[in-house]
Structure formats: C-alpha cells, structure tokens
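Here is a short note for a first look at this entry. Please open the model beside the text and follow the points in order.

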Amino acid sequence: MQQIEVVVIGAGAAGLMCAAQAGYRGRQVAVVDMGKKPGRKILISGGGRCNFTNENASPANYLCKNPHFIKSCLSRYTQHDFIELVDRHGLAYHHKTLGQLFCDNSAQDIVDILLTECDWAGVSLHLRQEVLAVEHQADGRYLVKTTTQTFNCESVVIAAGGLTMPKLGATPIGYKIAEQFGLTVLPTTAALVPFTLHDHDKARFDGLSGISVDSLVTSESGIQFRENILFTHRGLSGPAILQISSFWKAGEFVSINLLPDLDVQAQFHDWRSEQGQKSLKNLLSTILPKRFIEALISDGSIPDKNANQLSHTEIEKLTETLTSWKIKPNGTEGYRTAEVTLGGVDTDELSSKTFEAKKQKGLYFIGEVTDVTGWLGGYNFQYAWSSGWACGQAC
Ligand code: FAD
C-alpha cells in the first residue's frame, strides 16, 4: 500500500492541471489513469490540434444548473493565465475563429506542457490502472483501490471525466463515487453531438453528405448559434448543430436560417422582376449549394419554376422555408461521438472555490464529471484548467 497525500483520479486536462498545482504547493501527488497514455482526449481534440482555450471565455459560455458556480474559478484562473502558461513553454499556436486558439503543430504539445509541469512539481503518474473503488477510513483518510495497487491518502480528487467516447476510457466511476458519498448526480446526456434524422428526412437528404452551409440555428427555447451546419450520412453535424445539441430536448424542432445575411423576400422579388426567365434552381444555386437546392426541389419544398412564375404567397412560403427551415431530429449520435457530457455531479454539492464536496472533507470533483458544460470552442478545456487550478490550490 502506498501512503501519499493526494490521489488524482484521471490524467486528463483537469487532473493533470490540478496535480501540478498541488505538487507546486509541496503536496505529494499521485495521478492514476486506466489509459496507456495521459491526456488521451486532449490528443484527439480539435482534429488533433486541440482548441485549448477561447480568448472570450466567460461564465455565459457554460451550462450549469447553478450559473454562478463557475464564476469563481473562471475569474481566478482565466484563459489569459492559460495562454501565459503555454507562452512560457514556447507553444506555437494560432487564432482560428470566434476566439478559438489551436496548436500549430499537434495537441501532443499541450499534453507535453502538462506533463512537464507535473514533472517539475514532483507528481507521480500511474498509468494502466483502473480505479475500482474509493473507501473512506475511520481515521479520515481514503483508500483508492486500483487494478494493481492501493493508495492510502488524505485527499482524493475525482477528475475522471464524463461518459463521452467510451473507447477512450470514459467510465461512470466519478458519478458512482459521488453517489457513494451521498452527493446528488444530475441526469447525464450527450452534448456537442451530431443529430440523427428520421428515415424520411434521411431519404430526402441522401447524397448531401459533406455539404456545409453557414447558418443561424435556433433551438425551441430561443438559443441561437451562427456557424456552419454539415450534412453527414447519418444526419446533421457541423459546429452550429453541435452547439445547439446542448440545448435540444427529444421531440423538439430546430429552426435553421440558411441565408442569415440576406433579405430573402426582397431577393425573390428582385429575381422575379429582373431575371424572371431563370429557374429558381439556377438562381438559388448561386447562393446555396446546388445539390441541396435540388434536394429541396425534389421533395417539393421549393417549386420547380422560373422566378417570374412565383406568386406573392409562394415567395412568402419560400422565404419561410429558407430562413426558418424546421428539422425535427430523431435523436443524437450519443456518447460514442459526443464531445462532452451534460449533467453530472451537482455543483450545489461542491465549494465553488475549492471544488471540495461540502459534505465530505477531502473529496474533490473537477472537470467534466461535474455539472458544467461549455459551448464548443475551447470552453470545455478552459473549465478543466480553471477547475483543476482552483482545486490544486486547496486539495
Ligand atoms: P477527461 O479528459 O475525460 O479525462 C478523464 C480521465 O479519467 C481519462 O483519461 C480516463 O481514462 C480517466 N478515467 C476514467 N475512469 C477511470 C477509472 N475508473 N480509473 C482510472 N482512470 C479513469 N474541448 C475543448 O475545449 N476544445 C476542443 O478542441 C475539444 N475537442 C474535443 C474533441 C473530442 C472528439 C472530444 C471527445 C472532446 C473534445 N473536447 C474539447 C472536450 C474535452 O475533451 C473535455 O471537456 C475534457 O477532456 C474534459 O477533461 P477532464 O479532465 O474533465 O476529463
């Protein structure tokens, strides 16, 4: 049995950040992970280039039952602090869009920075060990039992992530430990995830896979995102769809404005008076992908006519079709492809300053296992850094 001060369960973004911080405070820290490598989700993130933070991150970019919870850690360890850290390590990175920062070379650079920090802070890393149980002892210490050893420690930090990407080692251990100690775990669901479509919609859009359209997507609750939508062979994806998936509930519609910068009704009137002999198919194909227009014509959403054959009512209906195109997803692709898990350990159970469980001294929860979910765009890693940093000052 190894005696140690702090065991961090999970060598992901939150766990490695927390471990380094606690190590710098002079704590003896062990990080345990079942994976062969640390930071496996970091490595596949952002298409292998890791969108490691967002220049504009603020509490408004997060979903959480208690919207105030995240304020403390985000203000104590900001995106600028993380940028300062990567600058110190000489990371080459670039700004892509909407404040998103990506590595120039590879996400491995971020993992290397975290491992260097852990090394400098004297943290020991224990890979290929699945944590099976955490037990609280009469003397107030904890036993962390893994497949190969047992740690006896003062503090346990649960940084075991959510349920997304089971292939990359996602397990429900974090939620189980929370429940074991009587903490509320809010229902979880896949978020930042592509939509699947009902068979009739799949048939309508068969052959459109790979087409993307800059759109304004609105949920039934009125939340909006302006980014691309992407047709896939299973349904709809792309950043605007991933964003809205976090706000979508089964059975709801999403509404898609396919031409958010255009006065569509005026455009149809101009076409009718100035290019009346041209077909709608040819005219619309100048502003939207041709294959998409052909699909909308073949399913009857757009009439197969010339512009001068359009009645006033038809123009209104077409405008509605293109600016408020309603899609009712069948569901989502689920945890298999989702980027994050919505829900998790109820933040009312945790101190927003230290992330310690209010009713269980020495037990901490950080990162995705908690009920905090960021938008797409580097916000989730920023929460992992901020919560990991804050906990690392306290555990
Ligand atoms: P994780 O990174 O999931 O780490 C948890 C760790 O715990 C894992 O290493 C796991 O092996 C370990 N573990 C779990 N159970 C056990 C157990 N029983 N025993 C031992 N170890 C265990 N966010 C962004 O901000 N920007 C992006 O570009 C981005 N891209 C993404 C792309 C993809 C494909 C995915 C899936 C996610 C992406 N995310 C992105 C989200 C981001 O990866 C997560 O928010 C973040 O990794 C959460 O960090 P974490 O440390 O809380 O959990």
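1. Ground rules. This is a predicted model, where local features need pLDDT of at least 70, side-chain atom pairs count only at pLDDT 80 or more, and totals for chains, interfaces and linings use all residues. Residues are numbered from 1 along each chain as its sequence is written, and side-chain values use heavy atoms, with hydrogens and water left out.

2. Strand 1 to strand 2. Helices (H or I, at least four residues) and strands (E, at least two) are DSSP runs, numbered from the N terminus. Strand 1 (residues 2-9) and strand 2 run parallel and are joined by 4 bridges. Two strands pair if DSSP finds at least two bridges between them. Val6 has Val29 of strand 2 as its bridge partner.

3. The crossover. Strand 1, helix 1 (residues 13-24) and strand 2 form a right-handed β-α-β unit. Right-handed means that, with the strands pointing away from the viewer, the path from the first strand over the helix to the second runs clockwise.

4. The other neighbour. Strand 2 also pairs with strand 7 (residues 124-126), again parallel, over 3 bridges.

5. Aromatic pairs. Rings of Phe, Tyr and Trp (its six-membered ring) pair if their centres lie within 6.5 Å; planes under 30 degrees apart count as stacked, over 60 as edge-to-face and the rest as tilted. The count is 20 pairs. In one of them, Phe231 and Trp325 are tilted, at 6.3 Å centre to centre with 50° between the planes. Phe231 is in strand 14 (residues 224-231) and Trp325 in strand 17 (residues 325-327), 94 residues apart. Phe231 has a relative accessible area of 3%; Trp325 has 4%. Both count as buried.

6. Phe292 and Trp325 pair edge-to-face, at 5.4 Å centre to centre and 75° between the planes. Phe292 lies in helix 11 (residues 290-298) and Trp325 in strand 17, so this pair ties together parts 33 residues apart in sequence. Phe292 is buried too.

7. A ring cluster. Ring pairs link Tyr62, Phe69, Phe225, Phe247, Phe355, Trp375, Tyr379 and Tyr383.

Note on methods: Buried < 20%, exposed > 50% of the residue type's maximum accessible area, 1.4 Å probe, protein only.
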